[in-house]
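Here is my note on the model, point by point. Please read it with the structure open.

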Amino acid sequence: MAPTGAWAGSKAASARACLWLALCLGLAACGAAAPADAPRSQAEHADAVALPEPLVELDGEGLRARAAQALREQRIHTPAGDSAVDYYLALRDKEPGQIDVISALGELQPYVVIAGEQALLDDDLGESQRLLGLLERMDPQAPALPRLREGLRSATAARERKAREETQRLLAERADAAPAAPVSRALPGATSAAIKADAAASALAADEAAARASTPAASPPPATATAVVSAPARVMPRLIADASPRYPLPALNRKIEGSVEISFTILPDGRTGAARLVSSEPAGVFDDAALAAVARLRFEPSGQSHAARRTLNFKLPSR
(Lines give C-alpha, C1' and ligand atoms only; values in the text may rest on other atoms or scores of the structure.)
Protein backbone atom coordinates (compact mmCIF):
# COMPACT_ATOMS: atom_id res chain seq x y z
CA MET A 1 0.00 0.00 0.00
CA ALA A 2 2.92 2.37 0.49
CA PRO A 3 3.88 2.52 -3.20
CA THR A 4 0.24 3.19 -4.12
CA GLY A 5 0.02 6.13 -1.66
CA ALA A 6 3.28 7.56 -2.96
CA TRP A 7 2.02 7.30 -6.52
CA ALA A 8 -1.24 9.00 -5.56
CA GLY A 9 0.65 11.83 -3.84
CA SER A 10 2.87 12.27 -6.88
CA LYS A 11 -0.16 12.40 -9.16
CA ALA A 12 -1.84 15.08 -7.02
CA ALA A 13 1.33 17.21 -7.02
CA SER A 14 1.54 16.90 -10.79
CA ALA A 15 -2.08 18.03 -11.17
CA ARG A 16 -1.45 21.09 -8.97
CA ALA A 17 1.61 21.98 -11.04
CA CYS A 18 -0.43 21.76 -14.28
CA LEU A 19 -3.14 23.94 -12.79
CA TRP A 20 -0.58 26.54 -11.70
CA LEU A 21 0.99 26.57 -15.17
CA ALA A 22 -2.41 27.05 -16.85
CA LEU A 23 -3.21 29.96 -14.51
CA CYS A 24 0.11 31.68 -15.29
CA LEU A 25 -0.44 31.26 -19.03
CA GLY A 26 -3.95 32.74 -18.74
CA LEU A 27 -2.68 35.77 -16.84
CA ALA A 28 0.08 36.28 -19.39
CA ALA A 29 -2.47 36.17 -22.21
CA CYS A 30 -4.62 38.78 -20.46
CA GLY A 31 -1.63 41.02 -19.94
CA ALA A 32 -0.68 40.76 -23.60
CA ALA A 33 -4.20 41.70 -24.70
CA ALA A 34 -4.39 44.82 -22.49
CA PRO A 35 -2.06 47.07 -24.54
CA ALA A 36 -4.14 46.44 -27.67
CA ASP A 37 -7.21 47.89 -25.92
CA ALA A 38 -5.36 50.89 -24.46
CA PRO A 39 -5.28 53.06 -27.62
CA ARG A 40 -9.02 52.60 -28.10
CA SER A 41 -9.75 53.71 -24.50
CA GLN A 42 -7.49 56.72 -24.82
CA ALA A 43 -9.17 57.73 -28.06
CA GLU A 44 -12.60 57.44 -26.45
CA HIS A 45 -11.39 59.64 -23.54
CA ALA A 46 -10.02 62.26 -25.93
CA ASP A 47 -13.40 62.42 -27.70
CA ALA A 48 -15.15 62.81 -24.37
CA VAL A 49 -13.15 65.87 -23.25
CA ALA A 50 -13.05 67.60 -26.64
CA LEU A 51 -15.00 70.81 -26.05
CA PRO A 52 -15.62 73.87 -28.16
CA GLU A 53 -14.43 77.34 -27.36
CA PRO A 54 -14.51 79.47 -25.22
CA LEU A 55 -12.02 78.75 -22.43
CA VAL A 56 -11.36 75.21 -23.66
CA GLU A 57 -7.93 75.22 -22.01
CA LEU A 58 -9.48 75.19 -18.47
CA ASP A 59 -10.98 72.09 -16.88
CA GLY A 60 -14.10 72.06 -14.75
CA GLU A 61 -12.31 72.79 -11.50
CA GLY A 62 -10.35 75.61 -13.08
CA LEU A 63 -13.54 77.20 -14.44
CA ARG A 64 -15.26 76.92 -11.04
CA ALA A 65 -12.31 78.58 -9.34
CA ARG A 66 -12.26 81.41 -11.91
CA ALA A 67 -16.02 81.91 -11.59
CA ALA A 68 -15.80 82.10 -7.78
CA GLN A 69 -12.95 84.62 -7.95
CA ALA A 70 -14.86 86.76 -10.48
CA LEU A 71 -17.88 86.83 -8.17
CA ARG A 72 -15.72 87.89 -5.22
CA GLU A 73 -14.32 90.73 -7.32
CA GLN A 74 -17.82 91.65 -8.62
CA ARG A 75 -16.83 90.88 -12.21
CA ILE A 76 -20.31 89.57 -12.95
CA HIS A 77 -20.56 90.26 -16.69
CA THR A 78 -17.52 92.43 -17.46
CA PRO A 79 -14.90 92.41 -18.78
CA ALA A 80 -15.78 90.27 -21.78
CA GLY A 81 -14.25 86.81 -21.51
CA ASP A 82 -13.14 87.26 -17.87
CA SER A 83 -16.44 87.49 -16.00
CA ALA A 84 -18.39 85.08 -13.80
CA VAL A 85 -21.04 84.64 -16.50
CA ASP A 86 -18.39 83.73 -19.11
CA TYR A 87 -16.86 81.10 -16.83
CA TYR A 88 -20.21 79.58 -15.88
CA LEU A 89 -21.26 79.38 -19.54
CA ALA A 90 -18.01 77.60 -20.41
CA LEU A 91 -18.52 75.26 -17.44
CA ARG A 92 -22.05 74.49 -18.63
CA ASP A 93 -20.67 73.60 -22.07
CA LYS A 94 -18.11 71.25 -20.54
CA GLU A 95 -20.32 69.71 -17.86
CA PRO A 96 -23.94 69.88 -19.07
CA GLY A 97 -26.72 69.33 -16.57
CA GLN A 98 -24.87 70.57 -13.45
CA ILE A 99 -27.60 71.96 -11.19
CA ASP A 100 -25.32 74.42 -9.38
CA VAL A 101 -24.14 75.92 -12.67
CA ILE A 102 -27.69 76.27 -14.01
CA SER A 103 -28.77 77.87 -10.73
CA ALA A 104 -25.83 80.32 -10.77
CA LEU A 105 -26.63 81.45 -14.32
CA GLY A 106 -30.26 81.97 -13.32
CA GLU A 107 -29.26 84.12 -10.34
CA LEU A 108 -26.87 86.23 -12.46
CA GLN A 109 -29.38 86.79 -15.26
CA PRO A 110 -31.01 89.94 -13.70
CA TYR A 111 -27.58 91.62 -13.51
CA VAL A 112 -27.03 91.08 -17.24
CA VAL A 113 -30.50 92.45 -18.02
CA ILE A 114 -29.89 95.57 -15.91
CA ALA A 115 -26.48 96.15 -17.50
CA GLY A 116 -27.98 95.77 -20.99
CA GLU A 117 -30.64 98.36 -20.25
CA GLN A 118 -28.04 100.69 -18.73
CA ALA A 119 -25.92 100.37 -21.88
CA LEU A 120 -28.93 101.41 -23.97
CA LEU A 121 -29.52 104.43 -21.71
CA ASP A 122 -25.85 105.38 -22.12
CA ASP A 123 -26.15 104.94 -25.93
CA ASP A 124 -23.36 102.34 -25.78
CA LEU A 125 -24.70 100.12 -28.54
CA GLY A 126 -21.58 97.94 -28.75
CA GLU A 127 -21.82 96.95 -25.08
CA SER A 128 -25.58 96.51 -25.40
CA GLN A 129 -25.06 94.09 -28.29
CA ARG A 130 -22.48 92.10 -26.28
CA LEU A 131 -24.74 91.81 -23.24
CA LEU A 132 -27.68 90.82 -25.44
CA GLY A 133 -25.60 87.96 -26.88
CA LEU A 134 -24.55 86.94 -23.36
CA LEU A 135 -28.19 86.82 -22.22
CA GLU A 136 -29.19 84.77 -25.28
CA ARG A 137 -26.53 82.19 -24.38
CA MET A 138 -27.64 82.13 -20.73
CA ASP A 139 -31.32 81.59 -21.57
CA PRO A 140 -32.67 81.76 -25.16
CA GLN A 141 -36.18 82.09 -23.68
CA ALA A 142 -35.38 84.92 -21.23
CA PRO A 143 -38.43 87.24 -20.92
CA ALA A 144 -36.27 90.36 -21.27
CA LEU A 145 -34.77 89.35 -24.64
CA PRO A 146 -37.53 90.75 -26.92
CA ARG A 147 -37.49 94.09 -25.08
CA LEU A 148 -33.70 94.42 -25.28
CA ARG A 149 -33.65 93.43 -28.97
CA GLU A 150 -36.29 96.03 -29.80
CA GLY A 151 -34.47 98.69 -27.78
CA LEU A 152 -31.21 97.95 -29.60
CA ARG A 153 -32.93 98.07 -33.00
CA SER A 154 -34.57 101.40 -32.18
CA ALA A 155 -31.32 102.92 -30.87
CA THR A 156 -29.39 101.73 -33.93
CA ALA A 157 -32.02 103.16 -36.29
CA ALA A 158 -32.01 106.48 -34.40
CA ARG A 159 -28.23 106.71 -34.62
CA GLU A 160 -28.24 105.98 -38.35
CA ARG A 161 -30.98 108.56 -38.88
CA LYS A 162 -29.00 111.14 -36.92
CA ALA A 163 -25.89 110.41 -38.99
CA ARG A 164 -27.86 110.85 -42.24
CA GLU A 165 -29.36 114.13 -41.04
CA GLU A 166 -25.93 115.41 -40.03
CA THR A 167 -24.49 114.45 -43.41
CA GLN A 168 -27.37 116.16 -45.24
CA ARG A 169 -26.91 119.29 -43.15
CA LEU A 170 -23.21 119.44 -43.98
CA LEU A 171 -23.90 118.89 -47.67
CA ALA A 172 -26.47 121.67 -47.60
CA GLU A 173 -23.98 124.05 -45.98
CA ARG A 174 -21.40 123.22 -48.63
CA ALA A 175 -24.03 123.75 -51.37
CA ASP A 176 -24.93 127.17 -49.93
CA ALA A 177 -21.27 128.16 -50.14
CA ALA A 178 -21.03 127.06 -53.82
CA PRO A 179 -22.09 130.46 -55.42
CA ALA A 180 -18.90 132.02 -54.08
CA ALA A 181 -16.86 129.79 -56.42
CA PRO A 182 -16.98 132.11 -59.54
CA VAL A 183 -15.28 134.86 -57.55
CA SER A 184 -12.25 132.66 -57.05
CA ARG A 185 -11.71 132.44 -60.82
CA ALA A 186 -11.10 136.17 -60.95
CA LEU A 187 -8.58 136.13 -58.13
CA PRO A 188 -4.82 135.63 -58.50
CA GLY A 189 -3.47 132.09 -58.50
CA ALA A 190 -2.19 132.16 -54.91
CA THR A 191 -5.52 133.42 -53.54
CA SER A 192 -7.43 130.80 -55.57
CA ALA A 193 -5.17 128.06 -54.20
CA ALA A 194 -5.81 129.28 -50.64
CA ILE A 195 -9.58 129.15 -51.19
CA LYS A 196 -9.30 125.63 -52.58
CA ALA A 197 -7.30 124.60 -49.53
CA ASP A 198 -9.98 126.08 -47.26
CA ALA A 199 -12.67 124.19 -49.18
CA ALA A 200 -10.74 120.93 -48.82
CA ALA A 201 -10.33 121.55 -45.10
CA SER A 202 -14.07 122.21 -44.78
CA ALA A 203 -14.87 118.96 -46.62
CA LEU A 204 -12.53 117.06 -44.33
CA ALA A 205 -14.14 118.61 -41.26
CA ALA A 206 -17.57 117.64 -42.59
CA ASP A 207 -16.47 114.04 -43.09
CA GLU A 208 -15.02 113.94 -39.56
CA ALA A 209 -18.26 115.34 -38.12
CA ALA A 210 -20.27 112.66 -39.94
CA ALA A 211 -17.95 109.99 -38.58
CA ARG A 212 -18.34 111.35 -35.04
CA ALA A 213 -22.12 111.29 -35.43
CA SER A 214 -21.98 107.55 -36.20
CA THR A 215 -19.60 106.78 -33.29
CA PRO A 216 -21.16 105.68 -29.94
CA ALA A 217 -21.52 108.53 -27.50
CA ALA A 218 -18.92 108.40 -24.73
CA SER A 219 -20.78 110.14 -21.92
CA PRO A 220 -23.14 113.06 -21.30
CA PRO A 221 -21.20 116.27 -22.07
CA PRO A 222 -20.37 118.72 -19.25
CA ALA A 223 -22.09 122.08 -18.96
CA THR A 224 -19.24 123.76 -20.85
CA ALA A 225 -19.28 121.24 -23.73
CA THR A 226 -20.21 123.84 -26.36
CA ALA A 227 -17.23 126.03 -25.56
CA VAL A 228 -14.88 123.04 -25.48
CA VAL A 229 -16.05 121.64 -28.83
CA SER A 230 -15.69 125.03 -30.51
CA ALA A 231 -11.92 124.89 -29.91
CA PRO A 232 -10.43 122.09 -32.08
CA ALA A 233 -7.51 121.57 -29.69
CA ARG A 234 -9.90 120.74 -26.83
CA VAL A 235 -12.17 118.17 -28.47
CA MET A 236 -13.23 115.56 -25.93
CA PRO A 237 -11.29 112.29 -26.31
CA ARG A 238 -13.13 109.31 -27.76
CA LEU A 239 -14.36 106.70 -25.27
CA ILE A 240 -12.67 103.36 -26.07
CA ALA A 241 -13.70 101.25 -23.05
CA ASP A 242 -17.03 101.82 -21.33
CA ALA A 243 -18.02 100.29 -18.00
CA SER A 244 -21.59 99.66 -16.92
CA PRO A 245 -22.20 100.21 -13.20
CA ARG A 246 -22.91 97.14 -11.12
CA TYR A 247 -26.30 97.26 -9.45
CA PRO A 248 -25.77 97.04 -5.66
CA LEU A 249 -27.33 93.85 -4.37
CA PRO A 250 -29.11 95.52 -1.40
CA ALA A 251 -30.75 98.02 -3.75
CA LEU A 252 -31.68 95.23 -6.17
CA ASN A 253 -33.26 93.16 -3.41
CA ARG A 254 -35.19 96.17 -2.11
CA LYS A 255 -36.15 97.24 -5.66
CA ILE A 256 -34.65 100.72 -5.31
CA GLU A 257 -33.91 102.85 -8.39
CA GLY A 258 -31.93 106.05 -8.65
CA SER A 259 -29.23 108.06 -10.39
CA VAL A 260 -25.80 109.49 -9.61
CA GLU A 261 -23.96 112.39 -11.27
CA ILE A 262 -20.15 112.22 -11.19
CA SER A 263 -17.61 114.84 -12.27
CA PHE A 264 -14.13 113.61 -13.15
CA THR A 265 -10.99 114.40 -15.14
CA ILE A 266 -9.90 112.56 -18.28
CA LEU A 267 -6.15 112.28 -17.84
CA PRO A 268 -3.66 112.71 -20.74
CA ASP A 269 -3.15 108.92 -20.98
CA GLY A 270 -6.90 108.21 -21.26
CA ARG A 271 -7.51 107.09 -17.68
CA THR A 272 -9.91 108.88 -15.33
CA GLY A 273 -9.07 110.61 -12.08
CA ALA A 274 -10.30 113.12 -9.48
CA ALA A 275 -13.80 111.57 -9.54
CA ARG A 276 -16.21 113.56 -7.36
CA LEU A 277 -19.82 112.99 -6.44
CA VAL A 278 -22.00 115.86 -7.69
CA SER A 279 -25.42 114.52 -6.73
CA SER A 280 -27.15 111.24 -5.99
CA GLU A 281 -30.73 110.11 -5.56
CA PRO A 282 -31.30 108.44 -3.18
CA ALA A 283 -28.22 109.57 -1.30
CA GLY A 284 -25.59 106.98 -0.47
CA VAL A 285 -27.23 104.00 -2.20
CA PHE A 286 -25.51 103.98 -5.60
CA ASP A 287 -22.52 106.28 -4.91
CA ASP A 288 -19.83 103.58 -4.65
CA ALA A 289 -21.07 101.68 -7.72
CA ALA A 290 -21.11 104.88 -9.80
CA LEU A 291 -17.62 105.96 -8.71
CA ALA A 292 -16.26 102.46 -9.45
CA ALA A 293 -17.80 102.52 -12.94
CA VAL A 294 -16.25 105.91 -13.74
CA ALA A 295 -12.85 104.64 -12.54
CA ARG A 296 -13.04 101.84 -15.12
CA LEU A 297 -13.68 104.17 -18.08
CA ARG A 298 -10.89 104.45 -20.64
CA PHE A 299 -10.57 107.20 -23.27
CA GLU A 300 -8.29 107.64 -26.25
CA PRO A 301 -5.05 109.28 -25.02
CA SER A 302 -4.96 112.94 -26.06
CA GLY A 303 -1.92 114.26 -24.17
CA GLN A 304 -4.18 116.74 -22.34
CA SER A 305 -6.52 116.72 -19.35
CA HIS A 306 -10.24 117.23 -19.88
CA ALA A 307 -13.01 117.95 -17.38
CA ALA A 308 -15.99 115.64 -17.83
CA ARG A 309 -19.24 114.78 -16.14
CA ARG A 310 -21.50 111.74 -16.36
CA THR A 311 -24.90 110.75 -15.01
CA LEU A 312 -25.42 107.05 -14.30
CA ASN A 313 -28.99 105.80 -14.05
CA PHE A 314 -29.93 102.70 -12.08
CA LYS A 315 -33.19 101.20 -13.37
CA LEU A 316 -34.73 97.88 -12.41
CA PRO A 317 -35.57 95.57 -15.33
CA SER A 318 -39.25 95.71 -16.19
CA ARG A 319 -40.79 92.27 -16.21
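1. First, a cut-off for what follows. Buried means under 20% relative accessible area, exposed means over 50%, and partly exposed lies in between. R130 has 22% relative accessibility, so R130 counts as partly exposed. Keep in mind throughout that this is a predicted model.

2. R130 has a charged partner. Its salt bridge is with E127, and the closest N and O atoms are 2.9 Å apart. Both residues sit in helix α5, 3 residues apart, or about one turn of the helix. E127 is buried, with a relative accessible area of 14%.

3. Helix α5 itself checks out on length. It has 14 residues (125–138), and at 1.5 Å a residue these should span 20 Å. The end C-alpha atoms are 20 Å apart, which agrees. The buried residues of α5 are L125, E127, S128, L131, L132, L134, L135 and M138. Their cover includes α3 (84–94), α4 (99–121) and α6 (145–176).

4. Look next at A119, in helix α4. A119 is buried, at 1% relative accessible area. Leaving out residues up to four places away in sequence, A119 touches D124, E127, S128 and S244. The C-alpha atoms of A119 and D242 are separated by 9.0 Å, although the two residues are 123 apart along the chain.

5. E117 also belongs to helix α4. Its relative accessibility is 14%, so E117 counts as buried. What does E117 touch, not counting residues up to four places away in sequence? The contacts are R147, L148, K315, L316, P317 and S318.

6. Now the nonpolar core. The largest one has 55 residues, and those with the most contacts inside it are V85, Y88, L108, L135, Y247, F264 and F314. Helix α4 gives the most to this core, with 10 residues. Beyond its neighbours within four places in sequence, F314 contacts a set of residues including Q118, Y247, P248, V260, F286 and A289.

7. The structure holds 16 salt bridges. In one of them, E173 pairs with R169, with the closest N and O atoms 2.5 Å apart. These two are 4 residues apart in helix α6, so about one helical turn separates them. E173 is partly exposed at 43% relative accessibility, and R169 is partly exposed at 38%.

8. A further salt bridge joins the side chains of E261 and R309, at 3.4 Å from N to O. This pair links distant parts of the chain: E261 is in strand β2 and R309 in strand β5 (residues 306–314), 48 residues apart. R309 is partly exposed, with a relative accessible area of 30%. Elsewhere, salt bridges with shared partners join R64, E95 and D100 into one network.

9. Please check the backbone at a few places. Most residues other than glycine have a negative phi, and most peptide bonds are trans. D123 is not a glycine, yet has a positive phi of about 60 degrees. D123 lies in the loop between α4 and α5 and is partly exposed, at 27% relative accessible area. K255 also has a positive phi, near 60 degrees. K255 is in the loop between α10 (249–253) and β2 (258–266) and is exposed, at 63%.

10. Two cis peptide bonds deserve a look. The bond from T78 to P79 is cis, with omega near -5 degrees, and P79 lies in the loop between α2 (60–72) and α3. The bond from E281 to P282 is cis, with omega near -5 degrees. P282 is in the loop between β3 (272–281) and α11 (287–295).

Methods. Residues numbered from 1 in each chain as written. Predicted model: local features only at pLDDT ≥ 70, side-chain atom pairs only at ≥ 80, totals over all residues. Heavy atoms only, no water. Expected span 1.5 Å × (residues − 1). Buried < 20%, exposed > 50% of the residue type's maximum accessible area, 1.4 Å probe, protein only. Contact = heavy atoms within 4.5 Å. Core = buried A, V, L, I, M, F, W, Y, C linked by side-chain atoms within 4.5 Å. Salt bridge = Lys/Arg side-chain N within 4 Å of Asp/Glu carboxyl O.
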